Amino acid sequence: MNIDKKIADDLVANDVSFVTTVPCKQLAGVIDEIENRDDIFHIPSNKEDEGMGLCAGAFMGGKRPAIIMQNTAIGVTINTLATLTQYYRMPLPMIISYRGELREPVACQVEMAVHTKALLAQLNIPTYHFHWQKDVEEFDNILKYTFMCNKPVAILTDANFWGGYGDQ
């Protein structure tokens, strides 16, 4: 199964037509898949909170948005999530690479991994963790849930989900 294509196909099947991304090595395949699709408007963002602002604008313009980003920026998105996305009840699927887990080769990634799930829980953001590639089978249901309840929803995707760190 090509998980990059499955994610993009599920986004389109759920009428997500606007996706912003912030670069991450683990997310490169899905970002390339999104970029090459004619049925998704893709605009790269420089920062995660900037991307959430773009998604809010797309939502207010009648589009269903999504953001693809890394967990290390969750800390800087707290204000945007609480005062914009949650306050105005905007649905926002957040596909997040979950850096800093087992076998992480970059030590500084571990510190934010320690806080990621706690911060999302404190914000009452429903959170799902994809560890195995078969977990992507739940993605379609998560998207439907996100747009049904008008909430941001986090999908944490660790290195194992994306195929490891190149040594597996």
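## Strand β1

In this predicted model, strand β1 is mostly covered. Of its 6 residues, 5 are buried.

β1 has two partner strands. With β3, β1 pairs in the parallel sense over 5 bridges. With β2, which spans residues 41–44, the pairing is also parallel and runs over 4 bridges. T20 takes part on both sides. Its bridge partner in β3 is I67. Its bridge partner in β2 is I43.

Q26 sits in the loop between β1 and α2, the helix of residues 28–35. Is Q26 buried or exposed? Its relative accessible area is 11%. The cut-off for buried is under 20%, so Q26 counts as buried.

Which residues does Q26 touch, leaving aside neighbours within four places in sequence? Its contacts are S97, Y98, R99, T157, D158, A159, W162 and Y165.

## Helix α6

Helix α6 covers residues 139–149. Its buried residues are F139, D140, I142, L143, T146, F147 and C149. An α-helix has 3.6 residues a turn, so residues three or four places apart point the same way.

Just after α6 comes N150, with a positive phi of about 55°.

Key
Residues numbered from 1 in each chain as written. Predicted model: local features only at pLDDT ≥ 70, side-chain atom pairs only at ≥ 80, totals over all residues. Heavy atoms only, no water. Buried < 20%, exposed > 50% of the residue type's maximum accessible area, 1.4 Å probe, protein only. Contact = heavy atoms within 4.5 Å. Pairing = 2+ DSSP bridges.
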